[in-house]
Amino acid sequence: MSPVLQGILTILIGVGGCVGYFYFSNMILDKVIFPARGPKAGHNINRANQVRPWLFLFPALFALGLYLAYPVVGSFWRSLFDRSGANFIGLGNYVDLFGESAFRTAVFNNLLWVLVVPAMATFFGLLIAQLTDRLSWGNIAKSLIFMPMAISFVGASLIWKFVYSANPDIGIINALRTSAGMVALDPLQVRFWNNFFLMFILIWIQTGFAMVILSAALRGIPEETIEAAIIDGANPFQVFFKIKVPQIMGTIVVVWTTITILVLKVFDIVYTMTGGNFGTHILPSYMMTYMFRDDGRATAVAFVIMLLVLPVMVWNIRQARQEMR
Amino acid sequence: MDNIAGQNKGGRLAVNITVLILVLLWLLPTVGLFVSSFRDRDQISNSGWWQAPLAVDLNFRTRIATEPVREENGSFILEGNVFADPGLRDRFPDGEGVVAAYGTRAVDPAEFAAGEVSDLRAGGTVVIERDGTYRIVTPEAIDRGPTLYFEARTPPRFTLANYQTVLFADGMDRAFINTLTVAIPATIIPILIAAFAAYALAWMDFPGRGLLIAAVVGLLVVPLQLALVPLLSLHTSVGIGQSFLGIWLAHTGFGLPLAVYLLRNYMVGLPRDIIEGAKVDGATDFQIFVRIILPLSFPALASFAIFQFLWTWNDLLVAKVFLPSGAASQVMTVKIADDLLGSRGGDWGILATAAFVSIAVPLLVFFTMQRYLVRGLLAGSVK
């Protein structure tokens with residue numbers, strides 16, 4: 001069967017199955033198990049209403065449990081076994097990984113990414129949000145800067161390959177270098193700094209996200225606080241840093257953590273641009289070198305990523321619980 | 001009045017210029033890709049895309065015919081015009097052009113300036129004038145015409161040939177359909193599942209609700225990388241293996257936390273009166289959900305659908321792991337990253353076109369539905 005037909009069929013089965021499940025499970029609950037009639041009608045209605053939330057939740061909980069919760073445990077368990085999966089070797093994979101210099105480079109690079117990308121994307125986002133705030137063509141400017149959000153990491157990497165190309169007839173950077181009388185070079189082969197050139201691609205993509213959210217937050221600041229500051233003689237920089245930024249600090253932190261989480265997942269850019277060569281591996285791309293070859297090592301790398309995400313996860317959950325109170 | 005530098009005219013100008021520079025910086029790389037996709041191979045490798053509207057010096061070769069030959073003072077003379085070569089007709093349709101330099105060896109096609117007389121390797125002399133007329137003088141008649149190389153200024157040329165190659169010859173059409181096949185079911189299926197769960201988490205009272213919401217927030221940040229190995233072996237053991245069904249299920253699972261979180265945040269904000277009024281009138285939860293909540297939540301549903309569509313369309317990781325690697329099921333990102341970058345690494349026109357084809361649909365979705373996208377972002381992050 002052709003994949004297209006299969007796709008249409010899956011949509012029908014998926015949507016039909018969902019509607020059918022919810023409709024019939026509710027009907028069975030109300031009519032068969034706890035019918036709202038007879039001597040115990042009231043009792044039955046209460047019982048049915050206790051069960052119903054779980055009917056509504058079941059498909060989502062099942063999928064979430066199977067596709068996200070189980071893998072956390074499953075991956076950790078798998079990482080304790082060797083390549084074949086038959087021999088338990090405890091933390092052997094982790095010990096071996098930390099013995100590899102390539103892995104240590106990947107960890108170091110990943111820490112760089114986690115420090116630099118969220119900071120720069122938030123900084124540019126805030127800057128542009130503030131500058132475009134009262135601009136007549138601000139919305140067009142914002143829309144254009146937001147655009148890279150829609151582009152895939154692979155597409156973005158190709159776009160930047162044209163910028164970074166070592167050929168001065170293709171790469172604009174080397175065209176500028178040669179016209180200034182310098183020698184053309186491949187930016188992606190410049191050790192250490194090439195990491196930053198790769199990071200800039202992700203900053204380019206994520207700045208729009210930061211800008212949109214921070215721009216909304218800036219608009220939400222009460223006018224009176226700003227007016228009061230201006231009447232008291234604050235200059236524009238003081239208004240921005242002492243009045244506006246403190247009031248949107250919460251949003252800045254949310255943007256920062258959201259981008260941090262993303263940084264820990266993105267393997268596409270490194271994979272497409274350098275394939276991890278020239279000392280540019282980060283953990284997600286390093287994991288892919290073991291994927292399909294050594295599941296034990298691959299899951300061990302994945303679990304190290306999980307450990308890096310853990311503090312953000314805990315912080316997120318605590319924030320969410322505070323809001324609900 | 002509260003802009004950083006908005007109090008005077010100079011400041012206003014500075015803001016305008018700064019924003020303009022930033023916008024250009026953000027836009028230029030994409031423009032470069034777009035322009036490059038319309039240029040042919042020779043043009044791309046001889047001048048940057050920023051010079052695309054200008055004429056370029058390109059190198060050509062021509063094989064000189066041995067006829068008509070003329071004998072004069074014991075020498076044999078061949079005369080003609082290089083632009084008359086039928087092989088170059090598509091470049092110089094009216095048989096005219098300007099020669100900047102020429103050469104007799106392929107390694108140095110611009111060795112001599114136009115009009116300068118040079119020696120032929122086989123004996124004799126050759127010259128090509130600026131207008132393309134050549135004159136070859138040899139001591140003896142030759143039976144094989146020499147090959148000449150020349151550099152001529154050619155007008156800018158834009159072509160759709162790259163698109164033709166990419167769309168019809170390179171298997172990108174297959175990849176395009178595959179991407180669509182992955183993205184659409186993977187966008188639609190999670191919506192309903194998530195909507196029911198979000199309703200339960202927003203409007204039904206049961207023990208453990210707070211804990212479940214916290215769990216969803218936690219799962220929101222679980223790195224995908226963890227899921228790859230255990231799920232692939234699970235899929236293999238139940239017989240799904242690497243297939244479209246597998247990737248639909250995977251995308252559904254991975255998209256659910258965001259869907260539940262977004263939709264719940266939205267549904268909590270719906271007016272309590274409507275829902276309680278419906279309950280008083282005897283509507284069941286199922287009826288309330290289908291008749292009231294679902295239509296009212298349309299903006300949130302649209303936001304999530306756009307997110308999920310962009311995410312599944314742009315995804316490389318899940319496709320690499322959960323789909324078989326053959327050409328029959330390659331999606332565009334995999335095709336570009338694994339196939340084109342390897343086999344056509346130097347063919348920038350093809351790469352640019354393939355990239356542009358793959359980002360065209362997301363860009364279209366982005367520009368037509370930006371409103372919902374922004375609303376979704378705000379609902380998901382600013383709380």
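Modeller: Domain bounds here come from an automatic or database domain assignment. This is a predicted model: local features need pLDDT of at least 70, side-chain atom pairs count only at pLDDT 80 or more, and totals for chains, interfaces and linings use all residues. Residues are numbered from 1 along each chain as its sequence is written, with chains lettered from A and ligands numbered from 1 in the order in which they are written.

Biologist: Which domains does the assignment give for chain A?

Modeller: Domain 1 covers 3–78 and domain 2 covers 93–324 of chain A. Their C-alpha centres lie 39 Å apart.

Biologist: How many residues of domain 1 of chain A are in contact with domain 2?

Modeller: In chain A, 4 residues of domain 1 are in contact with 6 residues of domain 2. Contact means C-beta atoms, placed from the backbone, within 7 Å.

Biologist: Switching to chain B. How many helices and strands?

Modeller: Chain B has 14 helices and 9 strands. Those are DSSP runs, numbered from the N terminus: helices are H or I, at least four residues, and strands are E, at least two.

Biologist: And what does its C-alpha trace span along the principal axes?

Modeller: The trace of chain B spans about 115 × 70 × 35 Å.

Biologist: How confident is the predictor there, as mean pLDDT?

Modeller: pLDDT is the predictor's confidence in each residue, from 0 to 100. Chain B averages 84, and 97% of its residues reach 70 or more.

Biologist: Where does pLDDT stay under 50 in chain B?

Modeller: Over residues 1–6 of chain B. Where pLDDT is low, the predicted coordinates should not be read in detail.

Biologist: And the overall scores?

Modeller: ipTM is 0.88 and pTM is 0.85.

Notes:
Two residues are in contact if their C-beta atoms, placed from the backbone, lie within 7 Å.
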